[in-house]
Amino acid sequence: MAEGLIVRSLRDGSLPGEHAPALCLEDSLPSPLASHSHAVFRHLLASLLSTGTGTAVVLVAFHRSPSFYLSLLSPTFRNSIRLLDCYSDPLAWKSNHHPPPSSHSPQNITLLTNLNHLPHFLSSILHLAKDLGAQGHDRVTVAIDSVTHMLRHAPLPSVLQLLTNLRCHEKISSLFWLIHTDLHEPKVISSFEYISTMIASLQPIVQLPDYANANISASITSLEENYSNAKFNVRLKRRNGRVKLLCEELLIEQGSVKFSSVPSVSSVVAQNLIPKVQFNIQLSDKERMDRANVVLPFEHQGNGQNIEIYDGRRSLSESQKDPSSIKIGGLSEQKRGNNNKSEKGEIHYIRDSDDEQPDSDEDPDDDLDI
Amino acid sequence: MATGGGQQERPTRPSSFSRVSSSSFSPASSSSTSTSLPPGVRIGANGAAFVSSGIPDLDRILGGGFLVGSVVMVMEDADAPHHLLLLRNFMSQGIVHGQSVLFAGPTKEPRSFLGTLPSPVVQKEGLKIKHDVSDVQDKEKGLRIAWQYKKYFGEQTAVDSHNRDKKQEFSSDFDLRKPLERQLLNSQNVECISTQDAFDLSKLQNHCLTFVSKLSMKDGINSNAGRIAIQSLCAPQCGYFEKDWDMLSFIRSLRATVQSSNAVAVITFPASVLSNSISKRWQHLADTLLSIRAIPDKDLAKLLTGYQDMLGFLHVHKVAQFNSQVPVILDASTYSLKLQKRKSLVLERLNQAPVEGSSGVSYATSGSCSSSKGSLLDF
């Protein structure tokens, strides 16, 4: 599912007004499959190309020769890929001595020798993208074989500027790159994560202990497991600001990559995220209205009904027949008429005057004027 | 805490708004002094001058707003763009009050960010008056029992409505769906600078200096307050990214400039792209320090109420204090950012979801059951 999400997001590209989605594929040495992270890269490339005629790829090849990539693809897709060859002659050694004949390189490979000058680099990529666009591919994805190689030739801020400029450009619909986390400082890795919208990392299934202290036999079995499987962690930054974390297992068999979901659901709760959480003691508006509707016993004077003063000795039904039960006439005028309903002996309370404040007769503190 | 150390550096603040003596204010005297202050500035506790941050909840949490002459830093989260919400409200509030605004961003066209600024919610006059009257009636109902003392309450309601009026002027609610009017944005007071292609910070520093000197050039009592908003100061794509010490000295000089003027500076920075020691130095340079955290999808739904509406968490690390050695101790330092009715930003305390009766397990243990790593939730 994680892999499907990534491919779909890369294929769909960006919404208008947004920057293109960018995937940062990370690997590290503890997972021996890391050397096969390139297989994941190729797998993504293949799945993007195989979806139809819409998507085209500009591949910037640093790590392997362009012919290697071309040999991977079936001839039908060779037209939808353009390669920027940064592998053959990155330091311009060959071209300085023997300028290459013009008909040497096949049609879809462009040799680039001046890797220090990043604006030229950017313009070559855009030129290839325009080429593909002219051929009828409306979505162009840029894949960079390894940003680690790029960082050898140019400083970090300029590489990041290049990537952000690619993301902003209207011809590019999505972007993904590979980076080896062991070869860089954590600052560099976090900068690449900062500008990307999806981060996929390959981690070992079994964390290997320190080699110096390890028990050899135990580590061999775990090594074997690491050779075939890896954990594929994906962190997606969504548009609403939430982060989606996914974890899957990766299997490499016969050169093809298979993804399977992890059976145990272990949600990684960000630690120390909630320092102090209390129960909500505020009232919502509805609760406040309900509370206002409740009539408290001391706010009324019986409203014409019997006041049951339950003293705990008798049951309620008995006290109803009690002749000494108090019946007090209501304060408002319409309740005066109810006074004569009951037959038993009762106390009638008739107000002296109408315009006195309610409760003023009973309140002894009324005379106080503070 | 770090706030104690910060106080010793500056016992008096020579900004023109603050009052050194702070006697207890009676309502009558505060109304007379407010006429001499420019719009958007108010005097708070200990005679310190505040400007609103644009979010009324945040003003309340910080004890009045952003202190004039202070530097506010917001630590961004690499995964979520919520720091932009804070910046937008801050800048809109300044423009609405007619204050000068300087904005610096790491994009080629920082002017385009101005197009996303929200406009204030306009409350109709009739509604406002009705709201006041019904409030008084509610109060009367609640106090029905204590009718003998009603004659003493007449004064209180008058003072309350007066305070509410003043509060509306100081900080407004912003509607995030409506953009701010164009003519307000095109005034001379709003400047934008791009930091992406700069190889060092000297240009930005000069801009800030001229901006601040323009503020005090007005002479006289009604010099306006100014707002400096810098987005993602240490963004990795900026040319000066590797120069750690240059960035730190820029912040130090900005702090000194702003301290003796009527400006407030808000700087957002992604702390994750800096090395640990440098990030700590940045955090220590702030007068008020806030941080934004993104929330993982669906993970914490069992632990918090209202989880679906939350955008992210806002954590208050440090609150600036002036003229006082007493540190600010907040009830809660983490708040959730929510959009009320999809338009205005509110900050709410985090509330725990109701404990299920059947489980009968205390929350600390049930929290650790849900995560295999045994995360620490301290209560």
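Trainee: Why does B:Asn323 count as partly exposed?

Mentor: The relative accessibility of B:Asn323 is 28%. Buried means under 20% relative accessible area, exposed over 50%, and partly exposed in between, with a 1.4 Å probe and protein chains only. So 28% makes B:Asn323 partly exposed. This is a predicted model: local features need pLDDT of at least 70, side-chain atom pairs count only at pLDDT 80 or more, and totals for chains, interfaces and linings use all residues. Residues are numbered from 1 along each chain as its sequence is written, chains are lettered from A and ligands numbered from 1 in the order in which they are written, and side-chain values use heavy atoms, with hydrogens and water left out.

Trainee: How do you know whether B:Ser232 is buried or exposed?

Mentor: Its relative accessible area is 2%. That is under 20%, so B:Ser232 is buried. B:Ser232 also has a positive phi, about 45°. Its place is the loop between β9 (226-230) and α10 (244-259) of chain B. Helices (H or I, at least four residues) and strands (E, at least two) are DSSP runs, numbered from the N terminus.

Trainee: Why are β1(B) and β2(B) called paired?

Mentor: Pairing needs at least two bridges found by DSSP. β1(B) and β2 (residues 49-51) have three, in the antiparallel sense. So they pair. B:Ile43 stands opposite B:Ala49 in β2(B).
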